[in-house]
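Welcome, and thanks for taking a look at this one with us. Below is a short briefing, grouped by topic, to read alongside the sequence and the model.

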Amino acid sequence: MHEPIPGADPGAASRAFGPVGQLLFRASKVSAIMGGLMFVAIVLMSIISIVGRKLFAAPVPGDVEMLQMTAAFASASFFAYCHLNGGDVKVDFFTAKASPATVHRLDAFGSLLVGLFGAVITWRAAVGAFAIKAAGETSMILGWPVWIAQVLMVPGFLLLALAGFYMVSFHWRMSHSGVQA
């Protein structure tokens, strides 16, 4: 089953995207699934820690550190899939009466901003991770290198940048093809 893609009915999603878009969509979906599994893992760890703390006075050592580090890179893994799936928050009140071509052009501009934002965040997350590595910063309780959690955010943000730039071309093509938004 294909997820709904803006400008195409659900059955035409893979045809509308083309081979590069399909590859990007699959990679983004895998990234989102992996991020979801990481959230399931930290929820389970938190439950074990809370139960251990309340019943046995034995929480999971460093549970908050693990939660913070894992949630940071796991949440970055969802953005690209959301954008490719048309799941961004949009205020379409102003475009409700606009033509489909106009909506696609505006979506192309929005996707350009998403791509630029993703590229800047990718760059800064990578630079920050290497600066933290050079400083030798570690977590307080577990002593884990903090840079690893930060560098793990980079692939999610890179996928977001690629998704944004891909959707620019997608919406531009749709604005000239007459497909409804």
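Is Asp107 buried or exposed? Asp107 is buried, because its relative accessible area is 16% and buried means under 20% relative accessible area, with exposed over 50% and partly exposed in between (1.4 Å probe, protein chains only). This is a predicted model, where local features need pLDDT of at least 70, side-chain atom pairs count only at pLDDT 80 or more, and totals for chains, interfaces and linings use all residues. Residues are numbered from 1 along each chain as its sequence is written, and side-chain values use heavy atoms, leaving out hydrogens and water.

- Asp107 sits in helix α4 (residues 100-135); helices here are DSSP runs (H or I, at least four residues), numbered from the N terminus.
- Setting aside neighbours within four places in sequence, Asp107 is in contact (heavy atoms within 4.5 Å) with Lys90 and His171.
- Ser49 belongs to helix α1 and is buried, at a relative accessible area of 0%.
- With neighbours within four places in sequence left aside, Ser49 is in contact with Pro59, Val60 and Asp63.
- The C-alpha atoms of Ser49 and Val60 are separated by 4.7 Å, although the two residues are 11 residues apart along the chain.
- The side chains of Ser49 and Asp63 are joined by a polar contact of 2.5 Å; the term covers a pair of N or O atoms within 3.5 Å, where within protein one must be able to donate a hydrogen and the other to accept it, and residues adjacent in sequence count only if both atoms are side-chain atoms.

**Helix α2**

- Helix α2 (residues 63-76) has 14 residues and reaches 20 Å from its first C-alpha to its last, close to the 20 Å expected at 1.5 Å a residue (1.5 Å times one less than its number of residues).
- Asp63 is one of the buried residues of α2, which also include Glu65, Met66, Met69 and Phe73.

**Aromatic pairs**

- The structure holds six aromatic pairs, counted for rings of Phe, Tyr and Trp (its six-membered ring) with centres within 6.5 Å; planes under 30 degrees apart are stacked, over 60 edge-to-face and the rest tilted.
- Phe17 and Phe25 make an edge-to-face pair, 6.0 Å centre to centre with 70 degrees between the planes.
- Phe17 is buried at 4% relative accessible area, and Phe25 is buried at 11%.
- Phe25 also pairs with Tyr81 in a tilted arrangement, at 5.5 Å centre to centre and 40 degrees between the planes.
- Phe25 lies in helix α1 (residues 13-56) and Tyr81 in helix α3 (residues 79-84), so this pair ties together parts that are 56 residues apart in sequence.
- One aromatic cluster is formed by Phe17, Phe25, Tyr81, Tyr166 and Phe170.

**Charges over rings**

- Arg124 has its charged end over the ring of Trp123, 4.8 Å from the centre; this requires NZ of Lys or CZ of Arg within 6 Å of the ring centre and within 35 degrees of the ring normal.
- Lys133 lies over the face of Trp147, 4.7 Å from the ring centre.

**Nonpolar cores**

- The largest nonpolar core has 14 residues, of which Phe17, Leu24, Leu84, Tyr166, Met167 and Phe170 touch the most other members; a core is a set of buried Ala, Val, Leu, Ile, Met, Phe, Trp, Tyr and Cys residues joined through side-chain atoms within 4.5 Å.
- Helices α1, α3 and α6 (154-177) each supply at least two residues of this core, and α6 gives the most, with six residues.
- A second, separate core of seven residues includes Phe73, Ala126, Val154 and Phe157.
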